[in-house]
Amino acid sequence: MNIPHVFNKKNRVLLSELTKTDFKLRYQGSVLGYLWALLRPLMMFAILYVVFAKLLRFGGDIPHYPVYLLTGTTMWSFFTECTSQGIQAMIIRGDLIRKISFPKYIVVVSATLTAVINMLINLAVVVIFALINGVTPSWTWLLVPLSLVELYTLALGISFLLGAINVKYRDITSIWDVCVQALFYAVPIIYPVSMVASSSVIAAKIILLNPIAQAIQDIRHNLITHETITTWNYLENPLLEFLPIILIIFVLVFAALYFRKKSKFFAEEI
Amino acid sequence: MAKREIGSRKEIIADNDIAIHVSNLSKSFKLPTERAFGLKQAIFNRIRGVKGFKKQSVLSDINLDIKKGEFIGIVGRNGSGKSTFLKTLAGIYYPEKGEIIINGSLIPFIELGVGFNPELTGRENVYLNGALLGFSRSEVDNMYDKIWKFAELEEFQDQKLKNYSSGMQVRLAFSIAIRAKGDILLLDEVLAVGDAAFQKKCEDYFRSLHGNQTVVLVTHSMENITKFCDRAILIEKGKIVLDDKPKIVAKAYKNLWS
């Protein structure tokens, strides 16, 4: 997988055709079609909003809490959709892998790009809601794509690594489902970081070392309110501040190398 | 787990008359002995020191040179290793030992209609399958009408593929496949699709290849071997047992059962 090869024309065409197909097939045969891409995260948001904002009164001191919450759930849905599609991709496209010779990473990337498209649609909705909610546009909105790239890079790394193992050991799909459930509570999506900080500052700091938490808090900070607690404004040690990013790069590089090594044998193992 | 030895497969463009060079090629598969899929079984096997698989040798020590412009047929019983050989040439399987050198651009048709999706329309499937065969969108645009004309299915373009009969699907797949241009064609049992009239068209296509292109054809039809090939090889238990004129190989193939 040398670099010019990765981006050659033939592979780009294949990537775009597979992505289009994935996207078309996702909502094939459902009455509301593509609308589900919007409805699912909005429904999840509605449930969390009623339970945590209204009943349990979380986030009372955070301005624009509903959109703050919506931003978090949207990004979380993106991350989970991206990884679960990416990990399953090789199994779903096993037919192709068995019958033609092509770079296997295309299958993983095309599956995750569908999640990216969904996320971008949802992000547009978040922005509209934010404006309705009275959030004033700021220059920091321009920084949001950086965090999106970061989150996508992590999801892609996990997909490459676990997807490659999943070809042989299908248990990975189930294990990852459980991990995702656990991670959901480890990331400050439904609860504000300040709530954790009020009982334990150390715990809050550890939470913010998670790359997913770092990316989501950054997006909230840059998009919704500058009062958001982020890895950058909460941790004092500059080395620790960069830990989440170093972790992401490490995961991607390791995963890509592992994937490359294993991909030679996918055709016979799948 | 023992480290797997790996052979090599290279694609080059060189100015000599050898299209495919294969030397000392061996390939084996690991067949799981119990239902070794799953982490639990893998861990148990490791603890008990049991290998969760049995090694099945599929190809052993294959040596072959195919000249440019040669139309070569590969025959053998079911399970003799012909398809594995073709898939290894195509780069789908990795050679375990030995060397493969492919000189020129390669077009493998291991199966027709790879990636065909019943939920997509005929049109969408043409573009998807085209991309899988290495065509760009504009290349497919250019040959789009010819594909449907050859398949004789123009009026079904915007129907979903699930509403096609299986014969129609194969005809469409074949029409896309033959648009692929390359120096070396690998064909696995893709001859003779559709009804008699369509078969005639296919035959004309294969005749047109003769002499212009290097073709490796895997088939069970001795009629096709003698009709199209210049040379044939017989594979038995993963070894080349005969490499001769098509007529002689066809006779030897029939003698396998008598």
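Student: What share of chain B is buried?
Tutor: Of the 258 residues in chain B, 38% are buried. Buried means 20 or more other C-beta atoms within 10 Å of the residue's own; exposed means 12 or fewer, and partly exposed is in between, with C-beta atoms placed from the backbone. This is a predicted model, where local features need pLDDT of at least 70, side-chain atom pairs count only at pLDDT 80 or more, and totals for chains, interfaces and linings use all residues. Residues are numbered from 1 along each chain as its sequence is written, while chains are lettered from A and ligands numbered from 1 in the order in which they are written.

Student: What is the mean pLDDT of chain B?
Tutor: The mean is 86, and 93% of the residues of chain B reach 70 or more. pLDDT is the predictor's confidence in each residue, from 0 to 100.

Student: Which element of chain B has the lowest mean?
Tutor: Helix α1 (residues 39–48) of chain B, at 75. Strand β9 (residues 231–236) of chain B has the highest, 93. Helices (H or I, at least four residues) and strands (E, at least two) are DSSP runs, numbered from the N terminus. Where pLDDT is low, the predicted coordinates should not be read in detail.

Student: In what sense do β1(B) and β5 of chain B pair?
Tutor: Parallel, over 5 bridges. B:Lys10 stands opposite B:Ile101 in β5(B).

Student: New topic. How many residues of chain A are in contact with chain B?
Tutor: 20 residues of chain A are in contact with 25 of chain B. Contact means C-beta atoms, placed from the backbone, within 7 Å. α2(A) gives the most to the chain A side, with 8 residues.

Student: And which residues have the most contacts inside the largest nonpolar core?
Tutor: A:Leu151, B:Leu186 and B:Val216, in a core of 127 residues. Such a core is a set of buried Ala, Val, Leu, Ile, Met, Phe, Trp, Tyr and Cys residues joined through C-beta atoms within 7 Å. Helix α4 (residues 65–92) of chain A gives the most to this core, 12 residues.

Note on methods
Pairing = 2+ DSSP bridges. Contact = placed C-beta atoms within 7 Å.
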